[in-house]
Structure formats: C-alpha cells, structure tokens
Amino acid sequence: MRDSLIIALDFPNKAKVLEFLQPFEQEQLFVKVGMELFYSEGPAIIEELKMLNHKIFLDLKLHDIPNTVKSAMKVLARLDCDLVNVHAAGGSAMMAAAVEGLDAGTAAGRKRPYCIAVTQLTSTSDAQVSQEQLIGVSLIDSVMNYASLAQSSGLDGVVCSPHEAQLIQSRLGSQFLTVTPGIRPDSSELQDQKRVATPKFAREQGISAIVVGRPITRSVNPLESYLTIKNEWKGVYK
Ligand code: C5P
C-alpha cells in the first residue's frame with residue numbers, strides 16, 4: 001500500500017479500460033475504479049482487473065446510515081479489493097460500521113481491505129464550509145477534525161490534498177495513511193484540479209500513496225508517462 005502510485009481508471013466502460021491497459025501487460029499496477037466504471041460494468045470489472053494481477057482501490061465513497069454501510073461493506077469485501085472508502089461526514093458510528101462490515105465480509109485467511117475516509121472533498125471551498133455546511137471553523141480545521149474522527153473510528157487513513165498530508169501525519173502519526181489525488185508532473189496541464197502538487201513534492205511530504213488520472217490516461221504515451229511519474233515519485237532519476 002505504501003509508496004503506491006494508483007492510476008485512476010476514469011473510463012466509461014470495460015472496452016476503454018482494456019484498450020488503455022494493453023501497453024501495461026508487464027506491469028503490476030494499482031488501479032482506482034470509481035463510480036462511473038463500477039456503475040457501468042458492475043462487480044465483474046473488479047474480477048477482470050484482478051485476473052490481470054492488478055491491485056484495486058474501489059472508490060465509491062459510501063455515506064449512509066451505519067447499518068446500510070455495514071451491509072454494503074460486507075458485500076464489497078467479497079470482491080477482495082485492496083482499498084475502499086467512505087465519507088467521514090457520515091460520522092464515527094458509520095465509519096466504525098464500515099470496518100465491521102469489511103471484517104465480516106472478508107474471507108478467512110484474507111486481509112481485509114484498507115478503509116480510508118474522504119474528509120472534505122478537494123472541490124469544497126472555505127465559503128462552502130461556512131455558508132453551506134454552516135461549520136464554524138476553517139476548511140483545514142474541518143479536514144483535521146474529520147481525519148482525527150476517522151482515526152478514532154478505526155479507519156486506516158484519509159484521502160486528502162497533498163498540501164494537507166504533512167499536517168495530518170504530524171498530528172495523527174505516520175502510520176495513518178494519506179492518499180492524495182491532484183498530482184501533476186511539472187509539464188502536464190492542470191485540467192480541473194486547483195491545488196496540485198508534483199510527485200516529488202508528494203514524496204517529500206511523506207504521503208503514503210498518490211492517485212494520478214489524466215496525466216497518464218490522457219497521455220499520448222501512457223506507459224512512458226506512468227514510468228516517468230513513478231520514477232519521480234520513488235525518487236529514481238535517470
Ligand atoms: O485526472 P486526475 O489526476 O485529476 O484524477 C484524480 C482522480 O482522483 C479522479 O478519479 C478524481 O475523481 C479523484 N479524486 C480527486 N479529489 C478527491 C477525491 C478523488 O481528484 N478529493
């Protein structure tokens with residue numbers, strides 16, 4: 001899990017995914033399956049990716065009453081993914097229930113998936129926190145509060161911005177996972193990400209794993225872009 005480069009498979013269907021993965025035959029990847037792909041292809045896409053020997057982050061961001069999340073996680077655990085997630089805004093009882101569900105659904109002798117929490121979405125602004133959520137503290141304080149709640153509820157870490165990771169680890173310990181999207185190598189475009197960071201910056205912050213989508217999936221040479229970003233992330237320079 002640590003030091004992983006997770007590729008976001010933000011594609012509409014299996015055909016596009018398999019076309020993208022073709023040049024990666026020799027690589028064991030860690031891939032992220034989000035709502036678009038999972039809702040379009042169903043659990044079979046997870047089986048398919050596992051048969052190709054890839055590790056999987058199933059990014060469905062569960063948020064419901066504790067009993068529903070527990071039951072859903074029990075079912076998802078059977079898919080034998082490596083990492084799943086919930087929204088911390090669901091509360092401590094819901095997060096604890098998510099872990100209980102994962103434990104209950106994980107087959108004997110298998111390791112349960114790591115479970116991490118989304119604190120505040122990176123698309124959420126300071127103004128939304130105060131004017132829409134009516135939270136009386138700053139965005140970063142709300143992120144820290146949710147991260148701390150996730151830890152005390154038994155979760156393994158959080159999804160966060162690369163700029164929040166160091167503070168989270170200094171308060172909650174380096175064992176607590178920080179998984180960060182919004183990674184852009186110097187040369188690539190921002191797309192709709194606002195607060196971005198390079199793979200090198202992510203490594204220097206002690207971030208546990210980075211999630212990279214378009215700089216690899218939309219590249220003219222995805223394998224080359226993947227290897228370049230991976231080397232920068234791992235601190236290997238040729
Ligand atoms: O293409 P890009 O590198 O921006 O993709 C980042 C991935 O991380 C996308 O799948 C996006 O949904 C996801 N993500 C994010 N910010 C979050 C949580 C997830 O960008 N806070």
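**View 1. The whole chain.** The protein chain has 11 helices and 8 strands (DSSP runs numbered from the N terminus, with at least four residues of H or I for a helix and at least two of E for a strand). Its radius of gyration is 17 Å, close to the 18 Å the globule rule gives for 238 residues, so the chain is as compact as a globular protein of that length (the radius is taken over C-alpha atoms, and the rule is 2.2 Å times the number of residues to the power 0.38). This is a predicted model, where local features need pLDDT of at least 70, side-chain atom pairs count only at pLDDT 80 or more, and totals for chains, interfaces and linings use all residues. Residues are numbered from 1 along each chain as its sequence is written, and side-chain values use heavy atoms, leaving out hydrogens and water.

**View 2. Strand β2 under cover.** In β2 (residues 30-34), 5 of 5 residues are buried (under 20% relative accessible area, 1.4 Å probe, protein chains only). Phe 30, Lys 32 and Gly 34 point one way, while Val 31 and Val 33 point the other.

**View 3. β2 meets β1.** Strand β1 (residues 4-8) pairs with β2 in the parallel sense over 3 bridges (pairing takes at least two DSSP bridges). The chain gets from β1 to β2 through helix α1 (residues 14-21), in a right-handed β-α-β crossover (clockwise from the first strand over the helix to the second, with the strands pointing away from the viewer). Look for Ile 7, opposite Val 31 in β2.

**View 4. β2 meets β3.** Strand β3 (residues 55-62) runs parallel to β2, joined by 5 bridges. Here Val 31 has Ile 56 as its bridge partner.

Notes
Buried < 20%, exposed > 50% of the residue type's maximum accessible area, 1.4 Å probe, protein only.
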